[in-house]
Amino acid sequence: MSAKPFAPTVLVTGAAKRLGREVALALAAAGWRVAVHYRDSVEDAIKTVADCASLTGGAAAFRCNLGSETAVRNLLPTVIEQMGQVDALVNSASTFEHDTPESFTFAAMEKHLRSNAGAAVLLAQALHTHMAERFPATQEQPATNTGAVVNLLDQKLWNQNPDFFSYTLSKAALEAANTMLALSLSPRLRVVGVAPGLTLTSHLLDDSKFAALHKLSPLGHSSTAKDVAATVLFALQNQSITGTTLLVDGGQHLMRFERDFSLM
Ligand SMILES: NC(=O)c1ccc[n+]([C@@H]2O[C@H](COP(=O)([O-])OP(=O)(O)OC[C@H]3O[C@@H](n4cnc5c(N)ncnc54)[C@H](OP(=O)(O)O)[C@@H]3O)[C@@H](O)[C@H]2O)c1
């Protein structure tokens, strides 16, 4: 059996800022080396790398447009070349542009599906290949040799409305992929979904509206970024979870919202 030469290493997509950054920092604090993926937010990515490195001693930034299949296929090999190995993947990057069934176009669908579902599947496929090369099939597969993929989903899948239609379709595809990948890529990979509720605000919501909407749940609060990051860490640490999704949303998925939060 090959010994692991490095501390466990995780690739977090969309980790320059917002939820991806919070996940990267939580994993770094738990001892993971972090490959910080970004597309446009180079300065934020450099800051996330510096903050992760101060916690764990190993982090680097990797630029990739997840809408390009060629670029996505190059991403994991580049990370492996620079960091030596990858043990886990967190698919957090996401395109989030508004459309509805009335304004739907193939172009909008394709843009969301590529970055939000297609890239996540290709990266899982690449991680599976990497794990197979490190731990050939003839060898026993102890739990410590199992890689893991966490896919960021959305409570909106269980509480649907037609806003952000192409985004929601892409997350529905990723949720279905979560099950199929867990079946086909085991035992080398575990695949777990984490579905936040309303966690961070956007340019579409002012602070007071966000605060009011954040309270709109059976528990009286939705998720914080720290809640989501802690759940991703749990999913990576627990060796017996695969093919399921952990909803971290204060129970928002149990409610019925006619519109997306940003349009309520
Ligand atoms: N925030 C919430 O309240 C919330 C609620 C439910 C679910 N979620 C899910 O949680 C995850 C993180 O949420 P978030 O709000 O932090 O996400 P976000 O701010 O909307 O996007 C995160 C990053 O994704 C990257 N990205 C977008 N399109 C890309 C592409 N084509 N190629 C490469 N990178 C691309 C961007 O990186 P650059 O800036 O570097 O370009 C962006 O900073 C998402 O999957 C989201 O669906 C979030």
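Start by selecting Val149: its bridge partner in strand β6 is Val191. Helices and strands here are DSSP runs numbered from the N terminus (helices are H or I with at least four residues, strands are E with at least two). Residues are numbered from 1 along each chain as its sequence is written. You are looking at a predicted model, in which local features need pLDDT of at least 70, side-chain atom pairs count only at pLDDT 80 or more, and totals for chains, interfaces and linings use all residues.

**The two strands.** Now select residues 147–152, strand β5, and residues 189–196, strand β6. The two run parallel and are joined by 6 bridges; strands count as paired if DSSP finds at least two bridges between them.

**The whole sheet.** For background, strands of a sheet pair through backbone hydrogen bonds.

**Two helices.** Next, show α3 (residues 69–83) and α4 (residues 106–134), which pack at an angle of about 35° with their axes 10 Å apart. Axes are lines fitted to C-alpha atoms, for helices over the stretch in contact, and angles run from 0 to 180 degrees between N-to-C directions. Residues of α3 including Val72, Leu76 and Ile80 meet residues of α4, among them Leu122, Leu123 and His130; contact means C-beta atoms, placed from the backbone, within 7 Å. By class, this contact of α3 with α4 has 9 nonpolar, 1 polar and 2 charged residues. Ala, Val, Leu, Ile, Met, Phe, Trp, Tyr, Cys and Pro count as nonpolar, Asp, Glu, Lys and Arg as charged, and the others, Gly among them, as polar.

**The ligand.** Select the ligand next: 25 residues surround it, and the closest are Gly14, Arg18, Leu19, Arg39 and Ser94. A residue is near a molecule if its C-beta atom, placed from the backbone, lies within 6 Å of it. Helix α1 (residues 18–29) gives the largest share of this shell, 3 residues. The shell has 10 nonpolar, 10 polar and 5 charged residues.

**Zoom out.** Finally, display the whole protein, with its 7 helices and 7 strands. Along its principal axes the C-alpha trace spans about 55 × 35 × 35 Å.

Definitions and conventions
Two residues are in contact if their C-beta atoms, placed from the backbone, lie within 7 Å.
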